[in-house]
Amino acid sequence: MKVPSARSWLGLGLPLLLLLLMTVNIEWLAPLFRHFVDERTPAIYTRDSVFNLLLWHLTAVLLAIAAATLVALLGGIWVTRAGGREFLPLARAIANLGQTFPPVAVLALAVPALGFGLTPTLVALFLYGMLPIYENTVTGLQQVPERVCEAARGMGMSPRQQLWSVELPLALPLIVAGIRISLVISIGTATIGSTVAAKGFGEVIIAGLLTDNMAFVLQGGIMVALMAIIIDTLLLRLERRLSPAVSRKL
């Protein structure tokens, strides 16, 4: 039991250590990135600090997914109640539209109305991140055994008590899985926000592409990948802890 746990923390510790190293002083890794550019080309992106870019990138992702989680949860709960079941196909179609509509197209449509910067990026991430949370919420609530709901009603629980005390706790592992998927997807997708002047690691990647500087592209890509790995690992551990069957195996 101790070995899998140690391996799990090691898998989280190494990406976290590298993320901290690059955030505190990326200059330490300059000799590694120097191999990807010639001597006259800068190997480290210095137009903004890594910490500032990390802060802006995470802020955009967390704000958008927090809003998407709230809307998706409310929508998922509504369409699994008696009064909203008939709207399930419509709600699913709307959620699917957000996922299938390209984020770049959302940005192009949002910029004229919202201007450049963070706001259109938030809209794109919100729409793109809603589907996994919505689908997992609906699936999790629909999979609650009917006999459990009957037992809750037999104990005198009101529909609201049944939802909060029985259904949502049982559906929570699936809901967390949906949030995890949305966060990981959004961390990568948020890089497109730099095309409309939003701060983030997309700025580093685009600067590398425009100047043919592979070191910049690698720096931005590595930071995005590390963030995705860390958040995925943390939420996967939470998901497993919330699932009694999986927790017993661990």
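**Reading the helix packing and the cores**

Author: The crossing of α3 and α6 is right-handed, and the model in which this is seen is a predicted one.

Reader: What makes α3 oblique to α6?

Author: The two helices α3 and α6 pack at an angle of about 40 degrees, with their axes 6 Å apart. Angles under 35 degrees count as roughly parallel and 65 to 115 as roughly perpendicular, so α3 is oblique to α6.

Reader: Which classes of residue make up the contact of α3 with α6?

Author: By class, the contact of α3 with α6 has 22 nonpolar and 5 polar residues, and no charged ones.

Reader: How do you know that α9 and α10 are roughly antiparallel to each other?

Author: Helices α9 and α10 pack at an angle of about 160 degrees, with their axes 7 Å apart. Since angles over 145 degrees count as roughly antiparallel, α9 and α10 are therefore given that description. The crossing of α9 and α10 is left-handed.

Reader: Which residues make the contact of α9 with α10, and how do they divide by class?

Author: From α9 come Val 204, Ile 205, Ala 207, Gly 208, Leu 209 and Thr 211, while α10 brings Phe 216, Val 217, Gln 219, Gly 220 and Gly 221. The residues of this contact divide into 6 nonpolar and 5 polar, with no charged residue; Gly counts as polar here.

Reader: Why is Gln 99 called buried?

Author: Gln 99 has a relative accessible area of 18%, and buried means under 20%, so Gln 99 is buried. Its place is in helix α4, which covers residues 88-100. Leaving aside neighbours within four places in sequence, Gln 99 is in contact with Leu 127, Tyr 128, Leu 131 and Pro 132.

Reader: Which residues touch the most other members of the largest nonpolar core, and which helix gives the most to that core?

Author: Of the 53 residues in the largest nonpolar core, Tyr 134 and Phe 201 touch the most other members. Several helices, among them α1 (2-25), α6 (118-142) and α8 (159-189), each supply at least two residues of this core, and α3 gives the most, with 11 residues.

Reader: What does Phe 201 touch, not counting residues up to four places away in sequence?

Author: Phe 201 touches Val 50, Leu 53, Leu 54, His 57, Gly 220, Met 223, Val 224 and Met 227. A second, separate core of 5 residues includes Leu 107, Val 111, Ala 124 and Val 196.

Key:
Residues are numbered from 1 along each chain as its sequence is written. This is a predicted model: local features need pLDDT of at least 70, side-chain atom pairs count only at pLDDT 80 or more; totals for chains, interfaces and linings use all residues. Side-chain values use heavy atoms; hydrogens and water are left out. Helices (H or I, at least four residues) and strands (E, at least two) are DSSP runs, numbered from the N terminus. Buried means under 20% relative accessible area, exposed over 50%, partly exposed in between (1.4 Å probe, protein chains only). Contact means heavy atoms within 4.5 Å. A nonpolar core is a set of buried Ala, Val, Leu, Ile, Met, Phe, Trp, Tyr and Cys residues joined through side-chain atoms within 4.5 Å. Axes are lines fitted to C-alpha atoms, for helices over the stretch in contact, and angles run from 0 to 180 degrees between N-to-C directions. A crossing is left-handed if the near helix is turned anticlockwise from the far one by less than a right angle, and right-handed if clockwise.
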